[in-house]
Amino acid sequence: MTLVAAVVVVAFGLFLIVLTGVAFANPALAARFLMSFASSARTHYIEQVVRLLIGTSLVVLSPTMWQANLFWLIGWAIVVSSVALILLPWQWPHQLGERVLPMIVRRMNVYAIGLLAFGALLLYGVLAGGGAA
């Protein structure tokens, strides 16, 4: 189980880093990807399942990670918020996305730096392990 969780967390960290590169190299493509979030009930629920997978993986893997309590908390925050978003009518997150996503797209470079930082933090947390604290 821990191996699967590690693969999921590392893959997500790498995805965030690649998305950073795409945001700088091809901002229109990154914007199109971000604007597709919560665009339909199907995409909304797929997003939440992926978030649950990532959050659960962080919770499972956190005891072996650098700053275990931090990653445990982040994992649970992702799980709880995902469950809440699953229970809400999908149109509510869609309406919020229609207001918030254009602001994120306008500030794509700042957002991309955050993606890079979080992706690097995830990878460091996995690779450094609990012994680096």
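Helices and strands are named here as runs assigned by DSSP, a helix having at least four residues and a strand at least two, and they are numbered from the N terminus. In this predicted model, the elements of the protein chain follow one another from the N terminus as α-α-α-α-α-α, which amounts to 6 helices and 0 strands. The radius of gyration of the protein chain is 15 Å, close to the 14 Å that the globule rule gives for 133 residues, so the chain is as compact as a globular protein of that length.

**Overall dimensions and surface**

- Along its principal axes, the C-alpha trace of the protein chain spans about 45 × 35 × 20 Å.
- Of the 133 residues in the protein chain, 34% are buried.

**The nonpolar cores**

- The largest nonpolar core has 18 residues, and those with the most contacts inside it are Val9, Leu58, Leu61, Met65, Phe71 and Leu122.
- Two or more residues of this core come from each of helix H1 (2–25), helix H3 (41–61), H4 and helix H6 (108–128), and H1 gives the largest share, with 7 residues.
- Apart from this core lies another one, of 6 residues, which includes Ala23, Ala31, Met108 and Ala112.

- Leu16 lies in helix H1 and counts as buried because its relative accessibility is 5%, where the cut-off is under 20%.
- Not counting residues up to four places away in sequence, Leu16 touches Leu115, Phe118, Gly119 and Leu122, and Leu122 is also one of the residues with the most contacts inside the largest nonpolar core.
- Leu16 and Ile113 are 97 residues apart in sequence, and their C-alpha atoms are 9.9 Å apart in space.
- Leu123 is found in helix H6 and counts as buried at 14% relative accessibility.
- Leaving aside neighbours within four places in sequence, Leu123 is in contact with Val10, Gly13, Leu14 and Ile17.
- The C-alpha atoms of Leu123 and Trp66 are separated by 9.9 Å, although these residues are 57 residues apart along the chain.

**Leu34, in helix H2**

- Leu34 is found in helix H2, made of residues 27–35, and is buried, with a relative accessible area of 3%.
- Leaving aside neighbours within four places in sequence, Leu34 is in contact with Leu101, Ile104, Met108 and Tyr111; Met108 is also among the residues of the core of 6 residues.
- From C-alpha to C-alpha, Leu34 and Gly97 are 9.5 Å apart in space, while in sequence they are 63 residues apart.

- His44 is found in helix H3 and is buried, with a relative accessible area of 1%.
- Not counting residues up to four places away in sequence, His44 touches Ala38, Leu85, Trp90 and Pro93.
- Ala84 lies in helix H4 and is partly exposed, with a relative accessible area of 36%.
- Ala84 and Gln48 are 36 residues apart in sequence, and the distance between their C-alpha atoms is 9.5 Å.

- Gln67 lies in the loop between H3 and H4 and is partly exposed, with a relative accessible area of 36%.
- The phi angle of Gln67 is near 55°, which is a positive value in a residue other than glycine.
- As background for that angle, most residues other than glycine have a negative phi.

Key
Residues numbered from 1 in each chain as written. Predicted model: local features only at pLDDT ≥ 70, side-chain atom pairs only at ≥ 80, totals over all residues. Heavy atoms only, no water. Rg over C-alpha atoms; globule rule 2.2 N^0.38 Å. Buried < 20%, exposed > 50% of the residue type's maximum accessible area, 1.4 Å probe, protein only. Core = buried A, V, L, I, M, F, W, Y, C linked by side-chain atoms within 4.5 Å. Contact = heavy atoms within 4.5 Å.
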